Every structure is written in structure tokens, then in C-alpha cells.
Amino acid sequence: MTWDTDFAISILPRLLQGLWITIQATMAGIAIALALGLIVAVIRYMRVPVLSQVLGFYVLFVRGTPLLVQAYAAFFILPTFGIVLGPLLTGIIVLGVNYSAYTAEVYRSGIEDVAKGQWEAATALSLPARPTWTRIVLPQAVRSIVPMLGNYWIQMFKDSAILSAITVSELLYVGQTIGADQYRYLEPLTIVGVLFLAVSYPAAVLIRRLERRLAISR
Amino acid sequence: MSTIIEYAPRLWEGLIVTLQLLVLGSALALVIAFAAGLGRMSRNPVIRFPFAAFIEVFRGTSMIVQLFWAFYALPFLGLELPAFQVGVAVLALNEGAYAAEIVRGAIKSRPTGQTEACVALGIGPVTRMRRILIPQSIPAMLPPFGNVLVDLFKNTSLVATITVLDFTYMGLEVRTNTGETTAVFITLLVVYFLISMVLWFMMKWFERRFAIDRTKKASPPKLWAIARPGGGGVGA
């Protein structure tokens, strides 16, 4: 029993639907990660007593534990507190929170790279804190870290397959379901792998090109 | 919480399996990293291409997809392995592919003067690599290797999805048997976290121990700078 092309073509539409869910989860997840990571990075940089330390531990803890266990924990624990979100929404939040710990570190490195003179100039011109961040520091900080954030986006896209464990009907889950129904795993799971590669590899090449472009123009 | 204590032996069994995966997986990953990293640097395209393809395929898909493929699809091609072996092999191949790029990057970033000096002294390519370039590159490899090690450790949890009775799997089992959802998952998260911390500190110690620049040894480890995550995609 080897490769059956007709079968492979017949299951392709369902797998593409799964890919679409994967892409949606990744889009929503990265949006959360970018926003939450920025908040964490700024608060930590401002050294707010207690809060900064708590967030520092948050970053360390999230990065020190497996995404799969985090997903299971959220999926099983939240309903016991009466919070019922459904698998997809739970999965998106877990992805977003998990990656916010990584993006926070990326933002931090970007903020630290902004020349000290920029802060001093803002102080000398008695620019209030808010425009100092939004007009001076963050625009310069973000530019250099765009490729790094892009790499995390790709990483999240690949990692979203872990959400199949909490029954999110993304690409791997669909492939697995087809395999179990038909008892033919070779075609669905191979296509799943190829589809992940078909998105992530070109994206990675694009990011690498972007990285080179942003680096030269500095 | 007290009901979990009864099941502690089951969790302990699972933890042992997880640690076995960590040790076997990382040892094998190290071998694969050097084989594939050096293979990809070969001038001969017949050698270079397969290693490059291996690295890109394993980095371009996630480990859970590779696990499912190796566990469910591979038997259809006539290769059926026990779940634990699949787990070790996929862990090693996946993280080995990431580490191969670290090996390649570290060796390539050696100053060309080292290679030129070897040529001038008539040191052949094999000795040059083994005695000059690789030893010099090790300190540069250690920090990113640390991240790969922690990633590998965290990824051991994924084998629970292909029925390996690891720590995560046992946790799920205990949850089903006791209904102590919150206590079980907090236990899992805390134990995983503590082991990650141990690995981080261990790698920091190695970094200082093998630093070329002696002044670095004096500076204390900076906890926040520890884990540059394995990061994503190509060129991370």
C-alpha cells in the first residue's frame, strides 16, 4: 500500500480548509503576541517596581515551559473556572501569550539598541514620556527588529500544529482525522508536511531578504 | 492536591522517560548537527545538496508534524518503529537540523586568516577543520546550543501525542483519573520550568568555562540574556 494520487487529490480541499484555519490562528496569534510583547517590554524597560519583576518572571516562565503543556493547561483549566472559549479561541490566546514572551525580548533588544542620545535629546527638549516612546524610541527600535519578529511569525505558524492536540481543526488535525477515518495516513500527513513547508520556506526566504535590505540601508 | 500524591509514582515514571528522551535526543542531535553542518559546507554538490535539503525540510515543518508523519505515515512505507524510538529520532533530527545551522554559521564566521595560515603551513583540509577551525568555533556555538537544548527539552513533551508515556502523557492520565485538573497542570508546568532553568544555568556555566575571552569568565551570568530562543526559520 503506497502513494495513491487520486486519494491525495480528493482530500486536498479539506486539507486546504485546515491550512486556512492554521493561517487564521497564526494571524490572530501574532497580533496578540506583538501587542502584548510590546506592553511587557515597555513596562520592563521603565523598571516599574514589582510589576517589572513580575513580568520578568512571566517571560522566563513562559519560555521555560512547553507550548503543548501550556495549551493543555489552558484548555482544561479555564473551563473549571467557568471560562468556556472553545478550542480555536483558547489556542489563539495560548499562541499569543506564549509568543509574547519571545517578542517582548525582541522588542527589548530593539529598545536597548536605540542610541542613548535620542533619550537625552528628548529630555533636553522636555518632550513628555508618551511622545518620546511613540515618536522617537519605538519607531527606531522596531525597524531593526522587523526580521526577528518575522521569524517568530513563521515559527508560530509551524508551532500552531501543536493546537491539534486540543482539537483545533487546523491543518495537522484535519490530516490526522482523514488518516484515522480512511486508515490511510501516508497521503494526508505527507501533504500536511508539504503544505507547511510550502508556506514557511518562501516566507523564511522573504524574511532573509528583508533582513539584508534593512541592514544595508542603516 | 493530596490525591495527586498517590499518583506521584506515575508522574515520576513519566519524568524518567522525559529525561531519557532529553539525554538520548540531545546526544544524537549533537552528532547530527556536526554531520549535517559540515556536510552542508562541502564543496561537492552531491554531498552538500542532501544535507541542505534535510536541514531545510526539518526546519521548515514543525516537530509535531514530523512526529505524526514518522509514527503514522512511515509504517505505510514499510518502516514501523516503537513510539519511543520515533520520539528520540525525530527530536534528534529536528533539533539537529537547527544545531547544524549553528555549527555551519560558527565555522563560517571564523576569520579567513585562520584558513590562510593553515594553507601557508601546508595543513590539509581535514586536519584544518578538526584541529583548527572546529575547536575555535566551539565557544561561539555554545550560547545558541543552549537554546536548542532547552527547545529540545520542551519539545520532548510532544511525544505524548504519539503515545509515548512521558511526563506530559502521565500528567494527562493522572488528570483523567483524579479530576485534579489545576493541580496536575501546575505541577507539570513547574517541573518543566525548573528543569529548563537547570539546563539554562548549566549552559551558562559551560559558556563561561569555555570562553576564549577570559574576562568574560569574571562576569556573572545574566539571567535575562540567557535564552535567545532557537528562533524561527532560515537565518535566525
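Reply: A residue counts as buried here if 20 or more other C-beta atoms lie within 10 Å of its own. The model is predicted.

Take α9(B), residues 181–209 of chain B. This helix has 29 residues. From first C-alpha to last, α9(B) reaches 42 Å, close to the 42 Å expected at 1.5 Å a residue. Its buried residues are B:V184, B:F185, B:L188, B:L189, B:Y192, B:I195, B:S196, B:L199, B:W200 and B:M203. An α-helix has 3.6 residues a turn, so residues three or four places apart point the same way.

What do the buried residues of α9(B) pack against? In chain A, the partner is α3 (67–80). In chain B, the partners are α1 (2–6), α7 (125–155) and α8.

That brings in the contact between the chains. Chain B puts 38 residues into the contact, and chain A puts in 43. On the side of chain B that touches chain A, the elements giving two or more residues are α3 (45–60), α4 (63–73), α8 (167–178) and α9 (181–209) of chain B. The largest share, nine residues, comes from α9(B). By type, that side of chain B divides into 22 nonpolar residues, 13 polar and three charged.

Next, α8(B). This helix has twelve residues and reaches 16 Å between its first and last C-alpha atoms, close to the 16 Å expected at 1.5 Å a residue. Buried in α8(B) are B:F167, B:T168, B:Y169, B:M170, B:G171, B:V174 and B:R175. They pack against α3 of chain A, and against α1, α2 (8–40) and α9 of chain B. After α8(B) comes B:G179, with a positive phi near 75°.

Now the core. The largest nonpolar core has 113 residues. Those touching the most other members are A:A71, A:V192, B:I64, B:L67, B:F68 and B:A99. Helix α5 of chain B, residues 83–108, gives the most to this core, with 14 residues. B:F68 shows contacts into both chains: leaving aside neighbours within four places in sequence, its partners are A:L172, A:Q176, A:L189 and B:I162.

Chain A has eight helices and zero strands. Its C-alpha atoms fill a box of roughly 75 × 50 × 25 Å along the principal axes. Of its 218 residues, 41% are buried. Among contacts in chain A between residues at least 6 apart in sequence, 78% join residues at least 24 apart.

Why does A:L149 count as buried? Because A:L149 has 21 C-beta neighbours inside 10 Å, and the cut-off is 20 or more. Not counting residues up to four places away in sequence, A:L149 touches A:L34, A:T103 and A:V106. A:V106 is 43 residues from A:L149 in sequence, but their C-alpha atoms are 7.3 Å apart in space.

Note on methods:
Residues numbered from 1 in each chain as written. Chains lettered and ligands numbered in written order. Predicted model: local features only at pLDDT ≥ 70, side-chain atom pairs only at ≥ 80, totals over all residues. Contact = placed C-beta atoms within 7 Å. Helix = DSSP H or I, 4+ residues; strand = E, 2+ residues; numbered from the N terminus. Nonpolar A, V, L, I, M, F, W, Y, C, P; charged D, E, K, R; others polar. Expected span 1.5 Å × (residues − 1). Buried ≥ 20, exposed ≤ 12 C-beta atoms within 10 Å, placed from the backbone. Core = buried A, V, L, I, M, F, W, Y, C linked by C-beta atoms within 7 Å.
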